[in-house]
Amino acid sequence: MPGCAGTETPTGEKMATQSEFSAPPGENSSRVGTLIRSRGDQLLVLIALFAIWQACSLWLGTYWVGSPWGTVVRLTTGVLGGELLSHASFTLAEAVIGFLLGGIPAVILPFLLRRLPIVTAILDPFMVGGYGAPKLALAPLFILWFGIGIESKIALVAITVFFIVYFSTLSGIRALDTKLVQMAQIVGADEKDVARHIVFPGAVPYIFTGFRIAMPYAIGGAVVAELISANRGLGYLIQLGAMNFDTTGVFVALLATGIIVFIGNTAVNVFERRLLRWRPPSDAKNQSGT
Amino acid sequence: MTSQDTALDLAQPSQVKWRQYVVTAGRIVLAILLVAAWKIGADRAGPIYVADPFLVANRIVTDTMSGELVHHVYVTLRLSVIGFAIGCFFGVVLPFLLRRLPRLTDAIEPYIMASVGIPKYALIPLFILWFGIDDAPKLWLVGLLVFYPIFIAVFAGIRNVDRRLINMARVMGASEAMISREVIWNSLQSFFFAALKIALPRAISATIIGEFLVGNAGLGFFIEYSRQNFDTTGVFAGIVIATALVLVINSVLVRIDRRLNAWRPTDRDMEL
Amino acid sequence: MSAQALLEVHDLGKRFASRAGRDSSLWVIRDLSFSVADGEFLTIVGPSGSGKTTLLNMIAQIDVASGGEVRFQSEVAPINDPKSLNPGLSCRIGYVTQEDNLLPWRTMLQNVLFPLVVQGRLNDETRARAEMLIRTVGLAGFENHYPHELSGGMRKRASLIRTLVYDPPVILMDEPFGALDAQTRTVLQEDLLRLWNLGRKTIIFVTHDITEAIALGDRTLVLTRAPARVAGEHKIDLPRPRDIRGILTDPKFIEIYQRIREQVQ
């Protein structure tokens, strides 16, 4: 999307219009040079970030800011010792189960409601309310109901995920191209065929947008519930580290959380790419993150 | 949304009207059913688990009259607004600065985008450790949570501004500042408002979550304190107020957005 | 028509880098030269892909040239360096682009007044001029409509008078009527000629439609395919004011048309 100007061979008038603001009288070498320079800059920033981290930990002491090296060491020993892995897998289990429990009904419901516009309209304000409501504020309630174990976290994750995915699926169904439906009906498709071959594939990108948005919320929700009350999980580790003034421990747990989010994102992306091979390589959709 | 619903059936106006009645009636019935289910749930599960809806309503009234709830709401709102202002300020100003520094933008963009993925709430214990137990850790949390959606929206918005409009304004003699204000800012508005609709309610829920974990006032404190004292009615009352607060702010934002962006062809479906 | 050239284009060239990996860069325009006299209506026809838009972008100074120069009243415009570009050459070159480029958040009237506002020239006199132009093109009554509430033809008119309102000495037009239906198009061509008769501005009008080029212009340049050069020059000595609808059957028109037709491949 950015920098597309002038990279195409100008075969037509439109191309020429697009290439206002292309690089000055284009030399290829200069463009490659720009790319190398920008990668170099990025590396420089990365080094600077680590330097600042190290400097902070030297200056303020590892008591306040765990050192980068210490964090890496603790991360490795934590993983090798299995302790960190067991906490991480606990959090991951909460997130995944909650994601499925909330996400699957959220995908199915709009399809069931597709032929029932009146029911959809009746539900609408309640769904909008549920979408807007601060679900994390329900954490104490779920802890009250389901105890401090895994169930309360799953419930919180599920309800958070549900509304996000519900609305993205709904917008996918609403964005349906009626011409495609008519075309299918003309060639003899019945209602079921239309749902399966037209509506669903068309909605898949929207559903995945919902998944991608919901993913960090699922992990975040699990961690928040653990912060409030738990005896296992990464949120518990973070809380524990903070209470013992063990910033390295906090960093390790945070890093592990970040890694889980990253893995989750990658998983969603890979899955999406497999399902959406038919889609033209379009510009990346920008969405607002966590 | 509604425009699309009505577009689906191009039926006679009378039928549309009839449909409207059914929908309204259905909504009322559903609302009553939900409260009834709540009431039955309360009777079945017992007051420890589910507070009676009427007792909750009663509690909200008495605590509002006594000023306790008002105080908590005020504390929460104050913090949300300050945190929001901080996050919003940086979220808007930074992209405009970066617009002038393309090289720096290229260099830091991947890191900013990577940091989006960190669950901000998980940072609260660290913030408490670093910044104490007063407002500071909560402000950091709220500020960060507000910063990201606004920053991303404004950043993407600036990138998406129609270059042709900028060129047109330049040809007509508009200065850089004028272009920023007239073309870029106006083009941004729909992006900005979409982000605002995410960020403002989020500021309030972030404050509440922060109050769960630290502090001795605010709605979050009220809910968590009630839970720890097995005061289920208090938990429910607090959650009802928090939800109502967020929903009211949501609807106000939607309304303002509609009015401010009257120039937009159609009310685009809210992008989630 | 005075002999004094108001705007001169000398050996202008533009090339784009090709896709990475291939080393030959593509010249879209090369060694293109022509000039426009004060008050002249110059039309330029060329096949699509002949870089007409790029040419106007360079003259309007929103795109850099890869070679050559543009002179306005013998003053050389800084066109070879992206940093020193002066879009619109200090409001002396107006540009009506292919798309209307109206600001969607401004009403029609606010859009027309926009250049006056940014130039700090909004006063009773200029406002009256804007109102006069709005009436002339038949947009009166639509002042408070947003662009999306106007038809394509109306938006086109608005974008046209938005440039006329600040009265730049030269106006560039890039197929302004390209996207319109034939009927609206003819009406707008008539409007344009009427407006031009009011002030006799210098106009460089680019189109791929030979009929339009002849009907409007004093002189028509024909461009070759990329890399674009001048393939031919035709003086259109049809009398003015012209009747756009009737001109098509004029034998002189037909003769010019055929001459140009042969040059446009």
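Which residues does Phe34(C) touch, not counting residues up to four places away in sequence? The first legend gives the answer.

This is a predicted model, in which local features need pLDDT of at least 70, side-chain atom pairs count only at pLDDT 80 or more, and totals for chains, interfaces and linings use all residues. Residues are numbered from 1 along each chain as its sequence is written, chains are lettered from A and ligands numbered from 1 in the order in which they are written, and side-chain values use heavy atoms, with hydrogens and water left out.

**View 1. Surroundings of Phe34(C) in the largest nonpolar core.** Phe34(C) touches Leu7(C), Glu8(C), Val9(C), Leu42(C), Ile44(C), Leu55(C), Ile59(C), Ile204(C) and Leu221(C), residues up to four places away in sequence being left out; contact means heavy atoms within 4.5 Å. Together with Ile150(B), Phe34(C) has the most contacts inside the largest nonpolar core, which has 213 residues. Such a core is a set of buried Ala, Val, Leu, Ile, Met, Phe, Trp, Tyr and Cys residues joined through side-chain atoms within 4.5 Å. Buried means under 20% relative accessible area, exposed over 50%, and partly exposed in between (1.4 Å probe, protein chains only). Helix H9 (residues 191–228) of chain A gives the most to this core, with 19 residues; helices (H or I, at least four residues) and strands (E, at least two) are DSSP runs numbered from the N terminus. Another core, of eight residues, lies apart from the largest one and includes Ile112(B), Tyr148(B), Phe151(B) and Phe155(B).

**View 2. The interface of chain B and chain A.** Here 63 residues of chain B are in contact with 62 residues of chain A. The area buried between these chains is about 5600 Å², with 73% given by carbon and sulfur atoms; buried area is the accessible area (1.4 Å probe) that two parts lose on being put together, summed over both. One salt bridge is found across this interface, a salt bridge being a side-chain nitrogen of Lys or Arg within 4 Å of a carboxyl oxygen of Asp or Glu. Asp41(A) forms a salt bridge with Arg103(B), and their closest N and O atoms are 2.7 Å apart. On the side of chain B that touches chain A, helix H11 (residues 232–260) of chain B supplies the largest share, nine residues.

**View 3. The interface of chain C and chain B.** In this view, 25 residues of chain C are in contact with 19 residues of chain B. The two chains bury about 1900 Å² between them, 71% of it on carbon and sulfur atoms. There are two salt bridges between chain C and chain B. Glu182(B) and Arg106(C) meet through their side chains in a salt bridge (2.5 Å, N to O).

**View 4. Thr107(C) in its loop.** Thr107(C) lies in the loop between strand E6 (93–96) and helix H2 (108–118) of chain C. With a relative accessible area of 9%, Thr107(C) is buried. Not counting residues up to four places away in sequence, Thr107(C) touches Glu143(C), Asn144(C), His145(C) and Tyr146(C).

**View 5. Leu237(A) in helix H10 of chain A.** Helix H10 (residues 234–243) of chain A holds Leu237(A). Leu237(A) counts as buried because its relative accessibility is 16%. Beyond its neighbours within four places in sequence, Leu237(A) is in contact with Leu84(A), His87(A) and Ala253(A). Leu237(A) and Phe251(A) are 14 residues apart in sequence and, C-alpha to C-alpha, 9.9 Å apart in space.
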